[in-house]
Amino acid sequence: MPKHSPAPFHRKKSARVALAAGAVTALGAGLLFTQAFASGDPTSGVPATSAAKFTLPKPNQPFDYQIGGAYTPPKNVAVVSRDRAAKPARGLYNICYVNAFQTQPDALGWWQKNHPDLLLRDGAKKPVRDEDWGEVLLDTSTANKRTRLAKIVGGWIDGCAKRGFQAVEPDNLDSFERSGKRLTAQHNAAFAKLLAQRAHAAGLAIGQKNTTDLLPERKKIGFDFAVAEECGQYKECGDYATAYANRVYAIEYTNSGYDRACKGWGGKLSIVQRDLDVSAPGGSYRHRAC
C-alpha cells in the first residue's frame, strides 16, 4: 500500500479550467454525457441542477497514477490521477483523488475541533482508526451525518472541478470493512451516492475506487468507471471490466499482479505498475504500462 505526504486534507496513502453551469471541456478524448439531477432536500449537500455535462475517459488509454506527487507524465499517457491539491496535467484527462471516507492523519485535529461527532467512535468513545495508515474513519452510519459529510467532501469535489479536473475518485469506499461492524456497505453506498450526485452536478464523472462488493450497487450509486488497485493481484480485473465495459484504470504494485493483469487484460484495460510510494521520478519511482 503506497504511502506519501501531501498537504492537510489530502490523501496520505493509497491501498490500495473553471467550469460554467456544470459544463466540462474535454481536455482528453472522451465521451460527453448529459444527465439531469435534482435534489428535493435543501440540506442534502448536493446542489440542485437541471443538467450537468461530464466527460468519461476512454477505455484502454495509457494511464499514470500520480497521487503521491505530480510530475510530467510519461510520453503517450492520456489519463492521469492526481491528488486534489495538485494541478491537472494540461491536455490530458485528469482524475481528482479525494480521501472521502477517512481523515488525513495530519487533518485529525481539524476534524476534532470542527466536527468531532462525524468521526466514527467505539464503545469507549474513542475514534476508530485504520491502524495501517493512522487515519480515523468518518461516520457514515446515519442520514444526518452523511448529509453533513457530503457538504464537506462535496466542497472538495467542487474544488476539483474548479481546478480543471474531469473526474473524481473518492477513496476508502471500503472503510466499513475496518469499522468493527459499526458501518455497513450500505452506509458507505448511501454516502457514495451523495458524492456521485455532487460530482455530476459539478460536471465531473466519478470513479468507483476498489471494493468489488459494491459493484452490484454501481448504477444505483451513480459510478461511471472504476479505479482498481491490484485487480490483477487479486484476480478481480474481470469483475470491474464487465461492470464498466472496460472503462477501468488499474494500478498494480507487484510484478506478479502486473504480469497477470497484463496477460489477461492488457489489450482492454488501462494498466500501470507503480512503486508502493506512488512517488515522483527519483528514489523508489517505478512506472511501466502494458
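I began with C96, which counts as buried because its relative accessibility is 0%, buried being under 20% relative accessible area, exposed over 50% and partly exposed in between, with a 1.4 Å probe and protein chains only. Before going further I noted that this is a predicted model, in which local features need pLDDT of at least 70 and side-chain atom pairs count only at pLDDT 80 or more, while totals for chains, interfaces and linings use all residues. I also noted that residues are numbered from 1 along each chain as its sequence is written, and that side-chain values use heavy atoms, with hydrogens and water left out.

*Disulfides*

I looked up how many disulfides the structure holds, and there are three, a disulfide being a pair of cysteine sulfur atoms within 2.5 Å. In general, such a link is a covalent bond between the sulfur atoms of two cysteines.

C96 is joined to C160 with an S to S distance of 2.1 Å, and the torsion about their S-S bond is about -55 degrees, so I recorded this disulfide as left-handed. C96 lies in strand β5 (residues 93–99) and C160 in helix α2 (residues 143–163), so the pair ties together parts that are 64 residues apart in sequence; helices (H or I, at least four residues) and strands (E, at least two) are DSSP runs numbered from the N terminus. C160 is buried as well, with a relative accessible area of 0%.

For the disulfide of C231 and C237, I found the sulfur atoms 2.1 Å apart, and a torsion of about 80 degrees about the S-S bond, so this one is right-handed. Both of these cysteines, C231 and C237, are buried.

The sulfur atoms of C262 and C290 are also 2.1 Å apart, in a disulfide. The pair links distant parts of the chain, with C262 in helix α6 (residues 255–265) and C290 in the segment after β13 (287–289), 28 residues apart. Here the torsion about the S-S bond is about -90 degrees, so I noted a left-handed disulfide.

With the bonded cysteines of the protein numbered in sequence order, I wrote the pairing down as 1-2, 3-4, 5-6.

*Helices α2 and α3*

I next turned to α2 and helix α3 (residues 185–201), which pack at an angle of about 40 degrees with their axes 9 Å apart; axes are lines fitted to C-alpha atoms, for helices over the stretch in contact, and angles run from 0 to 180 degrees between N-to-C directions. The two helices, α2 and α3, are therefore oblique to each other, given that angles under 35 degrees count as roughly parallel, over 145 as roughly antiparallel, 65 to 115 as roughly perpendicular and the rest as oblique.

Which residues make the contact? Among them are R146, L149, V153 and I157 of α2 and H187, F191, L194 and R198 of α3, contact meaning heavy atoms within 4.5 Å.

*H187*

I finished with H187, which is found in helix α3 and is buried, with a relative accessible area of 18%. Leaving aside its neighbours within four places in sequence, H187 is in contact with T140, S141, R146 and R182. The C-alpha atoms of H187 and D139 are separated by 9.0 Å, and these residues are 48 residues apart along the chain.
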